[in-house]
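Q: I have a structure open and would like to talk it through. Can you take a look with me?
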Amino acid sequence: MNAIEIRQLQKSYRVYQKNEGLMASVRGLFHREYREVAAVKAIDLDVEQGEFVAFLGPNGAGKTTTLKLLSGVISPTGGEARVLGHVPWLRENDYRRRFALVMGQKNQLWWDLPAQESFTLHEKIYRIEHDKFVRTRDELCDLLNVGHLLGRPVRELSLGERMKMELTAALLHSPDVLFLDEPTIGLDVIAQHNIQKFLKFYQQERKITILLTSHYMKDVAALCKRVVIIAQGEIIYDGSLAGIIDKFSGHKILSLLFSDGRMPSDLARYGDVLEIVEPKARLRVDRGKISQVLSSVLANHTLEDISVEDPPLEEVIAELFSHSAEESERGKTAEEIRNGEMRTAGVSERSNK
Amino acid sequence: MLARAETWWTILKICVEERLVYRGDFALGTLMRFLPIVTQIFLWTAVFASAGSGLIKGFTRNDIVAYYLLTMLARAFSSMPGLASGIARQVREGEIKKFLVQPIDLIGYLLLARIAHKVVYYSVAAGPFALVYYICRSYFPGWPPTEVMVAFLLSLVLAFLLGFFLEATMGMISFWFLEVSSLLFVYMLFTFFFSGHMFPLEILPEPWRTIVDFLPFKYMAYFPAAVFLGKVQGTELVHGLMIQTAWVLGFIVLCRMTMQAGFNRYSGYGG
Amino acid sequence: MSHHPSYLGVFLTFVRNSLVRDMTFRANFLIDTFSSMSWMIMNLGFYVLVYQFTPNIAGWGKFEFFVFIATTMFVNSLVQAFFMPNAEELSEQVRTGGLDFALLKPIDTQFLVSLRRISWSSLGNFFVAMLLLFYSVPRIEGLELSFWQVLLYPVYILMGVLILYSVMIALAATSIWLGRNQSLYDFWFYITNFSRYPMEIYQGTWGTPLRQLFTFVIPILVVINVPARLIAKPLSWEHSWLAAFGVVATLGSLLGSRWVFKRALWSYRSASS
C-alpha cells in the first residue's frame with residue numbers, strides 16, 4: 001500500500017523584486033515588481049508504507065517545499081497528493097494526528113522552558129492518554145539517552161541534545177509518517193551518528209514511513225535504500241543510491257602504480273589526469289573507453305598495481321548539483337529574501353504606549 | 001577628507017534606501033501619529049466646556065490644541081525610536097565588535113543613520129503634517145515674528161541633538177547591564193511625563209513645576225512649543241536656548257565618555 | 001485517543017508553562033510589573049492634574065472618571081496578559097517558521113496562536129485597578145450598587161476584552177499578508193486610544209461621526225464605556241440599548257476577526273514556499 005501518492009504536484013509563489021539603488025527604492029514605494037518562482041514543478045512520486053526515502057538536491061531545489069506541501073503547511077498551486085489517504089492541505093485533525101515534521105533549522109520547543117513542559121503540551125494537544133504518553137516519552141528518552149536532560153531549559157542544551165528533544169517531541173504521538181528536514185544539520189559527527197542510529201532503529205521497529213532531506217551523504221547512505229533527487233523543482237532521479245553513479249557519472253577513476261619510476265610523460269592521452277604523485281597517477285576515463293584504455297596501458301607500460309573505481313558519490317552528486325547551481329542561484333528561495341527583509345525590521349518599541 | 005566624506009555619504013544613502021523599502025508601513029505610520037491629537041482635542045474641549053473659565057494657567061483651548069500639535073513636531077525631532085535598544089541589541093549580540101574593528105566611529109555612524117531615518121521620515125511626513133496643520137490652522141495664534149521663528153527652528157534642531165545624544169548615552173549603559181529595556185522604559189516614562197508631551201508643564205503644581213526646569217526632558221517637547229506660542233520671550237528665551245545648548249554639549253561629552261569606557265570594558269572582557 | 005483536542009487542557013498547560021517561564025526570569029517579571037503599573041499611575045496623575053481645573057469632564061465627575069480609568073486598566077491588563085504577547089509574536093512566528101509548527105497541530109490554529117504565551121506581569125495592573133475601583137466607588141455621590149451591576153460588570157469587561165482581542169488578532173493576521181507590521185501595532189494603539197475616553201467627549205461636526213464609526217463599525221468605544229457606565233452611572237433608558245449592543249458587537253467582532261485570520265492563513269499557505 002502506498003503511504004504517499006503525489007501526482008503532478010506544483011507550487012509557485014511570487015517574490016517582490018527589490019532593485020538596487022536609491023532611485024529604485026523610491027520607485028519601489030509606488031510600484032512593485034513581482035517575479036513568479038516555481039519551487040516545485042509537477043512532480044510524481046509514490047512512497048510505500050514503511051519506506052525510508054531520502055530527498056537530495058541543492059539548496060532551493062524544492063525539497064523543503066515538498067515536505068511542507070505534504071504536511072499541509074502550505075497549499076499547492078496545482079496537482080494532487082495523498083498521505084495515508086488524506087489530502088494534506090485540507091488539514092483534517094485525523095491526518096494531523098498521524099504525521100510529524102521535524103525541521104533541523106527550526107525548533108518548536110519552548111526555548112526558555114525544560115523540554116518536559118513542551119512534551120506535556122504535546123500530550124494535551126494530541127490528546128495522548130497519560131499512561132501511553134509517559135511510556136512513549138520514557139522509551140524515546142532511553143533510546144536517545146536524554147532522560148537526564150528533561151528538566152533543563154532547552155536554551156541550555158547543546159544542538160545535538162536539542163535535536164534529540166525535537167525528535168522526541170515529534171514522535172510522542174507515534175506518527176505513521178515522519179518528515180525530516182535536515183535533521184542533522186550543524187551537528188558534529190558523533191551526534192549525527194547517534195541520530196542516524198536512532199532513526200534507523202526506530203524506523204525498523206515501527207515500520208513507519210519516513211521522508212528525509214539531508215545534505216549529508218552519510219545520513220542517506222546509512223539510512224535510505226531509496227533516493228529521490230530533486231533539482232529546480234523536478235525529480236531527476238528515483239532509485240537506489242548506487243544507481244546514481246551508473247546514471248549520472250560517465251567516468252571511472254583509474255589508479256596506476258608504475259614500476260621503479262618509469263612514469264610516462266604522455267598520460268594525458270589516456271584520459272584526464274587528476275593527480276600525479278610519482279610513481280602513482282590517477283586518471284579520469286570515460287566509462288565507454290575504459291576497457292580500451294586498460295589494455296592499451298597494460299600493453300605499453302610496466303605496472304606494479306592498477307585499479308578501476310567508481311568516482312566517489314559525493315563528487316557525482318556535487319557535479320550533478322552544480323549543473324543546476326546557476327539556475328537556483330537566480331531563484332533564491334523566498335525564505336532567504338524574506339529573512340533579508342526581516343533582518344532590517346525595526347525593534348518593536350514600547351515608547352508608543 | 002574627501003574620501004571620508006564619501007564614506008559617510010555612502011552610509012547615509014544606504015540607510016535611506018533601507019528605510020524606503022517598506023512603503024505601506026511608512027505612509028500609514030505617519031498618518032496615525034496624529035490620531036492621539038484628535039482625542040486630545042476632544043478631551044480638552046470637554047474640559048474647557050465644564051471648567052467654565054476660558055483660561056487654564058494662561059492657556060485657552062486653542063492654545064492647548066496648538067501646543068499639542070507643536071509638541072508633536074518637537075517630538076518628531078527629538079524622539080529616537082529604537083536607538084538605545086538598537087545599541088543594546090548590538091552589544092548583546094556582539095555586532096558592536098565591528099565598530100572596534102572597522103575604522104568607523106560608532107556615534108558618527110548612528111547619528112548618520114538617524115539623520116537618514118529622520119530625513120526620510122520628514123520627506124514623507126511633511127505632507128500629513130502640513131495637511132493636519134492646515135486643517136487645524138484656526139487653533140494657532142498666527143505666525144510668530146521672524147526672530148521667534150528662528151529661535152523655534154533652532155530649538156527644534158537642538159531638540160533633535162539632545163534626543164539623540166541622551167538616548168545614545170542610555171544605549172551605552174548596555175555595556176554594563178545587558179538588559180536595559182526596563183531602564184529604557186523608565187526613561188520613556190519620564191520623557192513622556194516631564195517633556196511636556198502629555199500636557200503643558202504649566203499645569204504641574206509646585207514643587208514639580210520647578211523640578212522639571214532642572215531636567216533636560218522639557219527641552220525635547222515643551223520648550224520648542226512654548227517658544228512658538230510666545231510663552232517664553234526676551235532674555236528668558238535666550239537663556240532657554242543657552243541651557244538647551246548646554247544640555248546638548250553635556251550629553252555629547254557624556255555619550256562619548258560612556259562609549260569609550262564601554263569599549264574598554266568590552267575589549268577587556270574579550271567580547 | 002479522543003477526537004476532539006482538549007482545549008481547556010491545552011490552555012491550562014499554556015498558563016502553567018508561561019508561569020514557569022516568567023518565574024525563571026523573576027527580576028524581569030518584577031520590573032515589567034512595576035513599569036506597567038507606573039505607566040498607569042502616571043496616566044492617573046494626569047487626570048488628577050486636569051481635575052484641579054474642572055469639576056467634571058463631559059459629565060463625568062472625578063471619581064466617576066476614576067472608575068472609568070479602573071475599567072480601562074482591567075480591560076487592558078487582561079488583553080496585555082493573554083493576547084498581546086501572542087499577537088506581537090505572530091509576525092516573529094511567520095519569520096522563524098514557528099507558525100509552520102502551529103499549522104501542523106491537530107487543534108485550532110487561531111486558538112494555538114492566540115493564547116500560547118501569557119504575560120503574567122501584565123496582571124499587576126489588574127490589582128491596581130481593583131484598588132482604584134474600591135477607592136473610587138464609595139466616593140461617588142449618591143451611588144448605590146445593585147446586584148445586577150456587580151454581576152454584569154465583569155461580564156461586560158470580558159466582552160470588552162474580546163472585542164479588543166478581535167481587533168488585535170485581525171491586525172496581526174493582516175500582517176501575515178502585508179509583511180512587516182510595526183505600524184499595525186501602532187495602529188492598534190492609536191485606534192484603541194479612542195476607547196479610553198468617555199464617548200460623550202466626541203461631539204460636534206467631527207465628533208458625532210467619529211463616535212458612530214467607533215461604536216458601530218469598529219466597536220471599540222463599547223469596550224470600556226459600557227462596563228464603566230454600568231458601575232459609575234447606572235444605565236438610563238436611552239443608554240440601555242448600549243448594553244444590548246455590546247453583546248452584538250462582541251459576537252460580530254469575534255466572527256469578523258475569525259474570518260480575517262482564516263483569510264490570512266490561506267494567503268500564507270499559498271504565498272510561501
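Q: What does helix H10 of chain A lie across?
A: Helix H10 (residues 290-300) of chain A lies across S10, S12 and S13 of chain A. H10 runs at about 10 degrees to S10(A), an angle on a scale from 0 to 180 degrees between N-to-C directions, with axes fitted to C-alpha atoms and, for helices, over the stretch in contact. Helices (H or I, at least four residues) and strands (E, at least two) are DSSP runs numbered from the N terminus. This is a predicted model, where local features need pLDDT of at least 70 and side-chain atom pairs pLDDT 80 or more, while totals for chains, interfaces and linings use all residues. Residues are numbered from 1 along each chain as its sequence is written, with chains lettered from A and ligands numbered from 1 in the order written.

Q: OK, in what order do the strands of that sheet come?
A: The order is S11-S12-S10-S13 in chain A, an open sheet of four strands with antiparallel pairing. S11 (272-277) and S13 are the edge strands, each pairing on one side only. From one strand to the next, the twist averages 15 degrees.

Q: How many bridges join S10 and S12 of chain A?
A: Seven, between S10 (residues 251-258) and S12 (residues 280-286); strands count as paired if DSSP finds at least two bridges between them. One bridge partner pair is Leu257(A) with Lys280(A).

Q: And S10 with S13 in chain A, how many there?
A: Six bridges, with S13 covering residues 303-309. In S13(A), Val308(A) stands opposite Leu254(A).

Q: Changing topic: how many residues has the largest nonpolar core?
A: It has 213 residues, and Leu162(B) and Met168(C) have the most contacts inside it. Such a core is a set of buried Ala, Val, Leu, Ile, Met, Phe, Trp, Tyr and Cys residues joined through C-beta atoms within 7 Å; buried means 20 or more other C-beta atoms within 10 Å of the residue's own, placed from the backbone. Helix H8 (residues 147-178) of chain C gives the most to this core, 17 residues.

Q: What is Leu162(B) in contact with?
A: Leaving aside neighbours within four places in sequence, its contacts (C-beta atoms, placed from the backbone, within 7 Å) include Ser78(B), Tyr219(B), Trp247(B) and Phe251(B).

Q: How much helix is there in residues 29-51 of chain C?
A: That span is 96% helix and 0% strand, with end C-alpha atoms 33 Å apart.

Notes:
A residue is buried if 20 or more other C-beta atoms lie within 10 Å of its own, exposed if 12 or fewer, and partly exposed in between; C-beta atoms are placed from the backbone. Two residues are in contact if their C-beta atoms, placed from the backbone, lie within 7 Å.
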